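Subject: Structure for you to look at, with notes

Dear colleague,

Please find below the structure I promised to pass on, followed by my notes on what was found in it.

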Amino acid sequence: MGTTGQHHGAADVGTAAPLLSSAAMDPTLEPPRRNMFAFVCATLASMTTILMGYNLALMSGAELFMREDLGLTDEQVEILSGSMNLFMLGSILAAGWAADAIGRRGTIVLANAFLMAGALAMSLGGTYTTLLAARFVTSVGVGFAVVVAPVYAAEIAPASSRGLLSSLVDFFITAGILLSYVSNYALAGLPLGLGWRAMFALGVPPPLLLAAGVLAMPESPRWLAMRGRDGEARAVLERTSDTPAEAHHRLDEIRRAAAEEVGGAGVWRELFVSPSPAVRRIVTNVLVLYSFQQASGIDAIVLYSPLVFKRAGISSNTTVLGATVAVGVVKTLSIFVATFLSDRLGRRPLLLASAAGIAASLAALGITLLAGEATVAGEAACVVWVVAFVTAFSIGLGPLAPTYAAEILPLWLRAQGMSLGIAANRLTCGILSMTFISLANSITMAGCFFLYGSTAVAAWVFVYVRLPETKGRNLEDIGVLFAK
C-alpha cells in the first residue's frame with residue numbers, strides 16, 4: 001500500500017513516544033504474562049521459511065546425484081545452487097507492496113502457493129533449463145516469505161518476547177536446512193534418477209498445510225490500524241499482549257505513528273528521495289547488517305559443505321552427507337541461544353560475540369585446509385571448525401539480523417525497508433554462492449574462508465560502532481536511538 005507521510009526530524013521514528021512499556025510506567029499494573037497466542041501466531045508465520053532453508057540447501061547433497069544423472073557441469077551446479085538468491089530479488093522488492101496491499105497474512109499464503117508449485121516442478125524437471133525455471137518459481141515464494149514472516153512476527157509480538165518470536169524465522173530456515181541434509185542422507189540410497197527427485201518432492205505437501213494454518217491466524221494489528229480498522233486491531237492486540245493495559249498502550253502507539261503518515265511523500269520517496277537523517281541512518285544500518293550476514297560465507301558452507309569435506313579428504317558420499325547432517329543439527333540447536341537470550345542479554349552482545357566467533361572459526365578452517373595431505377585428524381578438524389562457524393553464526397548474526405532490522409524500521413517504512421534489506425542480503429548471498437567453486441579454484445578454498453573471515457571482522461566493528469541496543473523497547477520508541 002502506497003502509504004504517505006509528512007515527517008520531521010526525530011519525529012519520523014517516534015521520538016514523541018514514551019520510552020518505557022506500559023507496565024514499567026505504572027507499577028500498580030498486574031504482572032505481565034507470556035502470551036501463548038502471540039507465540040502460536042508468530043510460529044505459524046515463521047514456519048513458512050522452513051521451505052526456504054529446505055529448498056536452498058537441498059542442492060548441497062542433491063547435486064552429487066544430479067551431476068551424474070543429468071550430466072550437470074560445475075557452472076550449472078553453481079547457477080542452480082545460487083540462482084534462487086538472485087531470482088528472488090524481484091519478489092523481495094515486491095513483498096513490501098504486497099504486504100501493505102493484501103496484508104501480511106495474505107502475502108504469506110501467496111508465498112506458500114509458489115513454494116508448493118516450485119517444489120513440484122523441481123521434482124519433475126528433466127533438463128537444466130526446466131530445473132532453472134523451477135528454481136525461479138520457488139524463489140518467488142521464498143522472497144515473499146522471507147520478507148513478510150519477520151515483519152508479521154515483530155508486529156504481532158509484545159515487547160517482552162519480540163526478540164524470541166522474531167528469531168523464530170531464522171530458526172525455521174535453519175530447521176529447513178537440517179531437514180534437507182537429512183533428506184539428502186536418507187534418500188541417497190534410492191536409484192540415481194529417483195533419489196534427488198524424491199528429495200524435492202518432499203517439499204510439496206508442507207506449504208498446503210502451512211497456508212491453511214496461516215488463514216486461521218489474525219492479521220497484523222499494525223496493518224489493520226494502517227487501514228483504519230482500529231476495532232479489529234484492538235481485538236488482535238488484546239489477544240497478543242501480555243496485559244490488557246499493554247494492549248491499550250500498543251494501540252495508542254500505533255495510532256500515533258499512523259497519524260504521522262497523512263499528506264506527504266510516498267514510502268519509496270521517504271526512503272530514497274527525501275529521507276530524514278534518522279531514516280537515512282536506519283536504512284543504511286539495515287542494508288549493511290543484512291549484507292554482512294551473508295558476506296560471512298554462511299551459504300557457501302550451507303550449499304557446499306560436502307565439497308569442503310571432500311577437499312579436506314573425506315571421500316565417501318555417505319560420510320560426507322552424514323557430516324552435513326551433524327552440521328545441520330548443531331546449527332539448528334544453536335539458534336536457541338539467540339532465541340532465549342536475546343530478550344535477556346540484548347541484541348548487541350550476541351551480535352558482537354557472533355561476529356568474533358565467525359572470524360576465529362573461519363581463520364582456523366582456512367589454516368586446516370592449508371595443511372596439505374589429508375589425515376584423519378585434519379578431516380575431523382575440518383568438521384569441527386565448520387561446526388564452530390555455524391554455531392557462531394546461529395547465536396547472533398543469523399537470527400538477529402532480521403530481528404534487529406524489523407525493530408528499528410519505523411511502521412510506515414517497515415515492509416519496504418525489510419524488502420530492501422533482504423534484497424541486499426540475497427544479492428550478497430547470490431554472488432558468493434554462484435562464485436564459490438570458481439573462486440576456490442582460483443584462490444584456493446582456504447583463501448575463500450580467509451576472505452569471508454575478514455568480512456566478519458568488519459561486521460564486528462560495524463555492530464560496535466553503529467548499532468545501539470533495542471532490547472525491551474516498544475517498536476514505536478526505538479527510532480529515538482537514531483535521531484542524533
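A111 counts as buried, at 0% relative accessibility, where buried means under 20% relative accessible area, exposed over 50% and partly exposed in between, with a 1.4 Å probe and protein chains only. A111 lies in helix α7; helices (H or I, at least four residues) and strands (E, at least two) are DSSP runs numbered from the N terminus. Not counting residues up to four places away in sequence, A111 touches T48, G141, F144 and A145, a contact being heavy atoms within 4.5 Å. A111 and V146 are 35 residues apart in sequence, and their C-alpha atoms are 9.2 Å apart in space.

Before going further, a word on how to read the model. It is a predicted model, in which local features need pLDDT of at least 70 and side-chain atom pairs count only at pLDDT 80 or more, while totals for chains, interfaces and linings use all residues. Residues are numbered from 1 along each chain as its sequence is written, and side-chain values use heavy atoms, with hydrogens and water left out. The average pLDDT (the predictor's confidence in each residue, from 0 to 100) is 83 for the chain, and 88% of the residues score at least 70. Over residues 1-32, however, pLDDT stays under 50, although the model has 85 contacts for them beyond four places in sequence. Where pLDDT is low, the predicted coordinates should not be read in detail.

As for the chain as a whole, it has 25 helices and two strands, and 58% of its 484 residues count as buried. Among contacts in the chain with a separation of 6 or more, 86% are between residues 24 or more positions apart.

The largest cavity has a volume of about 270 Å³, the volume being the space filled by probe spheres set on the points, which are joined across faces, edges and corners. Its lining consists of 23 residues, and M52, D170, I173, Q294 and R426 lie nearest the centre. Among the elements that give two or more residues to this lining are α3 (50-57), α17 (277-295) and α23, while α10 supplies the largest share, five residues. The lining divides into 13 nonpolar, six polar and four charged residues; Ala, Val, Leu, Ile, Met, Phe, Trp, Tyr, Cys and Pro count as nonpolar, Asp, Glu, Lys and Arg as charged, and the others, Gly among them, as polar.

R426 is found in helix α23 (residues 414-433) and is buried, with a relative accessible area of 4%. Leaving aside neighbours within four places in sequence, R426 is in contact with M52, L56, N85, M88, L89, I92, Q294 and D299. I431 also lies in helix α23, but counts as partly exposed at 47% relative accessibility. I431 and L86 are 345 residues apart in sequence, yet 8.3 Å apart in space, C-alpha to C-alpha.

Finally, in helix α11 (residues 192-201), the residues G195, W196, A198, M199 and F200 are buried, and their cover includes α3, α4 (59-70), α7 (103-124), α8 and α10.

With best wishes

How values were computed
On a 1 Å grid over the protein atoms alone, a cavity is a set of points where a 1.4 Å probe fits but cannot get out, and a pocket is an open set with protein on both sides within 12 Å along at least five of seven lines; lining residues have an atom within 4 Å of a point.
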